[in-house]
Amino acid sequence: MYKKILLLLSVFAVTLAGCKDDMISSGSSILQDDDEIIVDADTFSVRSALCEANLIYAAPDSFLLGETDSRFGTLHADILTQMACPVGFEYPATSVVDSVCIFLYYRTWFGDGNSPMSISVYEMDRNTFSYNTAYPNNIPLEDYCSLADSTFILANERIITAAHPTDSVYSSSLETYMPYIRFRTTDEFAQRLFAKNNYSSQEAFNRIFKGLYITSTFGSATVLNIGQISMAVYYHFTYTQSDGKDTTVTDTKIFYANTEVRQINRIQYTNTDFSELEAQSDSINYIISPAHIYTRLSLPMKEMSEDIVTTLGHKRPYVNLAKLRVDILNVYTGSTDDKTTDDWAQPAAQMLLCKESALNRFFADKELPSDTCAILSQLRTGTDTEGNTTYYYSYDIATLLTQQLRQEQYADSLHMVLVPVSVTTSSSSSSSSSSAITRVKPQQTISATVISSAQNATNPMRLEVVYSGF
């Protein structure tokens, strides 16, 4: 029975597709002219170009640290972060600090894991962050850290290689071991931090200890993907037992860089030949993250409106379907053993198509995808006519176009940008198998997506529109 229903539906669909003109004329014979429903379809050309993304607003849950060179320029990433204090904690009266250590836990790295890099840590001495303020990732360092000798807090500058960690710890959430780097601070800093023991509130602690600045000062081949930052205070105290004997106890108090405090992953790019990349837009476009280069799509609203008005006349326009496909060209499918320097970054798993005019507001105000402003697509796969696997993003912007076409005034073109993002979801209360998007953030990890441009001679981007009028 089920197969028969599917067969009938398939026959009906084919009949509809082959008899569009007959359907319209048949409807016209039944309905009066004013009541006639007009349905049509058209394909519109779009334009694409590169645009520089100089900043993003993000609350990172992981950090990039280090420097690496690529054909897209030199990426340098460092970290400014507050540390969450143990609110209400008090050291025992006889406590004496022994040392303070900083730990950087990293999941993976980009570039050459055998290339040495040095890491330096400074105390933020000029300013700190407000928890409720959205900060861009290109904040001026001089506003927060003087980089004076007194703010360099490590006993020794560390030189490490990512592929040869000093130690690791098992992560139950990741179900694997996370390498970490351990830094011992100077005794002078340990004493100062121990003396700053006002833990009445996070705000009070931030006033006396503004945070840490962590940077790489040597090496241009490796970027660490830092998953967690912590600072441990090792101390001991003495108490007298009931028999009169003194007992010494050692203990540790750990401070974390977590969601209770503000953290900024500061991103800088240099040596980018933007004009050379832009010159390739007649065939390909680039989307580079974090916060470097996006692709701008220009939708021909004036042309679209004129064509639709010519077809629909005075009827109110409604866009039933508006399909935009973005084809990807640089998916690496080889093994990790034969990767080249051009394969260091792969396409983003999630790509947001957002109105350019609303981009900064979307992230700063923590908005969610909507049909009228920002549409989300996952990396998708298909098969071409020769049986090869294809990769692409797909968007239906029908609701957005309907809204735009019904405005009394609008620009000749609607500018939208493709932005790599990371998505957080939560399980739906109504169904354990479904999930709801709770947060969309600019992607903090490195990716380089190469797409077929709208001007590509063999595979141009096209906007396929089905519309109707009532």
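The model is predicted, so local features need pLDDT of at least 70 and side-chain atom pairs pLDDT 80 or more, while totals for chains, interfaces and linings use all residues. Residues are numbered from 1 along each chain as its sequence is written, and side-chain values use heavy atoms, leaving out hydrogens and water.

You'll find eight helices and 24 strands here. These are DSSP runs numbered from the N terminus: helices are H or I with at least four residues, strands are E with at least two. Buried residues make up 44% of the 470; buried means under 20% relative accessible area, exposed over 50%, and partly exposed in between (1.4 Å probe, protein chains only).

Helix α8 (residues 398-405) has six of its eight residues buried, so the rest of the structure largely encloses it. Strand β23 (residues 447-452) is mostly covered too, with six of its six residues buried. Here is who is buried where:

| Element | Buried residues |
|---|---|
| α8 | Ala398, Leu400, Leu401, Thr402, Gln404, Leu405 |
| β23, one side | Ser447, Thr449, Ile451 |

What does β23 pair with? Its partner is β14 (residues 284-289), antiparallel over six bridges; two strands count as paired if DSSP finds at least two bridges between them. One of the bridges links Ser289 to Ser447 in β23.

Now for Ile37, in the loop between α2 (20-30) and β1 (38-45). Ile37 counts as partly exposed because its relative accessibility is 41%.
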